[in-house]
Amino acid sequence: MFKKEYAWRGIATIGGLIVIGLTLTIGVFLAYRGSATFFQFHHTLGEFLGSADWNPVDSAAGGGTVGALIFIVGSLVTCGLALLIATPLSLGAAVFMTQISPRIGEKFFRPVVQIFAGIPSVVYGWVGLSVLVPFMRVAFHQQVGQSILVAAIVLAVMIFPTITSMTADALTAVPKTNRDGAYGLGSTRWQTIYRVIIPAAKSGIITAIIMGLARAFGEALAVAMVIGQTTALPTSIFSTSKTITTEVAAQMGNAMEGGELKAALWTLSFLLFLISLFMIWLIHRVNAPKKED
Amino acid sequence: MKRIASIALSGLLALGMLTGCGSNTSDSSSSSEDLSGTISAAGSSALKPLADEAAKDFQEKYPDVSITVDAGGSGEGLKQVSDGTVTIGMSDVAAEEKLDADQAKELTDHQVAVITMAPIVNKDVKEGGVDNLTTEQLIDIFTGKITNWKDVGGPDEDIVLVTRPSSSGTRATFTKYALNGNEEAENKSMETDDSGVLLKNVQDTKGAIGYVALSYLVDNDDVATVSIDGVEPTLENTYSGDYKVWAVEHMYTKGKGSKTDRAFIKYMMSDDFAKTTEKLGYGVASKMSSMDH
């Protein structure tokens, strides 16, 4: 009689275990491959994180340098800029489609945003390279159009749908009674939005922003096309530089198996994994029910 | 008595092996009409277009054979053929440079084509008067010693280096034969993941210089090539040995490879296919006056 009950429970459990197992396996694998940089080639963690001298040797003999600071700074700066550009726009769009004009929002705005999310990243990259890069060259009188700024703009466009739709969901989830209460006390629409609804949806909004940041961090292809990959620390937003993902994507295929370069690239990948773990931990922190208050 | 018997037996065995060999070779040439099976090739992105074309023609001749060709980089190609993931590994460099000596020993090298690398510049540089560079000038430009085109007889314009990642086979060839082993100034150059994007960057950026394989320059008037020491980068000059920046394209099989693999590689190197090879901008190995650098 309970056959079905157990069968479905079994399937659900297996599904869950596979996901957990897969994540753990990937983490362990990356840690194992990435550790070769430190144990086999004897580099220090301080050198990896703190030095901008990147010149690993593409052979098993080793002896190069593995300072990844350029990529770490490159990733942080581009993603930070992208967030600065995308967050206000996304918040505005989400407020518009849920509070100000829900009818247009649901019928027209949300589908458009969803289409945005479905465009493959190579298209964003190519459009950036063909439209934005020449534009930068003309608008700012630069000889080289590629820059961190262009990469940040492309990334901002790419994470805009993620942040917008998640924020919109968070805003819609605020109980109607809150809004009615605010209106009942004589608030204007704007006061209701920024005094009541946005604070009530705060943890959802922060989650949306972190998810956007996570997507930006992991994006390689589109960024690689417009950042003008130069192995140097950026000096301004018009500099060319590299990010963690672009370096891994550019070198992985050609690097020698068991060589120092490959080991260093695995370490970079592991670093990316840790960063996304950290972001997920942040989301959990934000959403955790508060003990006090 | 025992000794005589063993000698006779070994003689018999040797004879058997010889005849076995003989019948085997005649077998592969006579029954080549009914080849079947799958060939999977992966590796060098420089060789991929030629392998694609050869695969198309070969499959027309032998409809029972199915061929897949993937890029992924020389290192990846060598690793995968060594693992047995693919049956043919395509590479710009010799297997010894990317694999352990033991792994490399198991592979059989087939030198299927020659690829010529040419320095390319943005059109305004050529219009400004630069159509030839000495090796000395080329080294100074790529190591960042010369930073303005007017120093080599060109327009008053900053030089923008557009290059490939350090593990790229194209870059290895260019560094070795055009720059005499001098390393590029990485902190001043824009790296691009593939030659297609490199072409676009050189085409769009004033004062840009880079390098690509001749196969990318077939029917391409958007960038200009530059002679090295007065020798134009053409297939004829490569054949005669006057132009020095070229590399052998390898196809590796594990051991001897399957009959189908060998037939495919033989077809790629055949006179029938030579015309297509040259039309696509690759050099025919048999036409080289010398295969040694």
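This is a predicted model: local features need pLDDT of at least 70, side-chain atom pairs count only at pLDDT 80 or more; totals for chains, interfaces and linings use all residues.
1. Chain A puts 23 residues into the contact, and chain B puts in 27 residues. On the side of chain A that touches chain B, helix 6 (121–139), helix 11 (221–226) and helix 12 (244–251) each supply at least two residues. Helix 12 of chain A has the largest share, with three residues.

2. The residues split into 11 nonpolar, 10 polar and two charged.

3. An unreviewed UniProt entry places "domain: ABC transmembrane type-1" on residues 72–283 of chain A. Across residues 72–283, chain A is 78% helix and 0% strand. The end C-alpha atoms of this stretch are 21 Å apart.

4. Next, a helix pair. Helix 4 (residues 69–100) and helix 10 (residues 202–218) of chain A have axes that come within 10 Å. The axes cross at roughly 140°.

5. Which residues of the two helices meet? From helix 4 of chain A come A:Ser75, A:Cys79, A:Ala82, A:Leu83, A:Ala86 and A:Thr87. Helix 10 of chain A answers with A:Ile209, A:Gly212, A:Leu213, A:Ala216 and A:Phe217. By class, this contact between helix 4 and helix 10 of chain A has eight nonpolar and three polar residues, with no charged residues.

Key
Residues are numbered from 1 along each chain as its sequence is written. Chains are lettered from A and ligands numbered from 1 in the order in which they are written. Two residues are in contact if their C-beta atoms, placed from the backbone, lie within 7 Å. Helices (H or I, at least four residues) and strands (E, at least two) are DSSP runs, numbered from the N terminus. Ala, Val, Leu, Ile, Met, Phe, Trp, Tyr, Cys and Pro count as nonpolar, Asp, Glu, Lys and Arg as charged, and the others, Gly among them, as polar. UniProt positions are given in the numbering used here, feature names are shortened, and annotations may be inferred rather than shown by experiment. Axes are lines fitted to C-alpha atoms, for helices over the stretch in contact, and angles run from 0 to 180 degrees between N-to-C directions.
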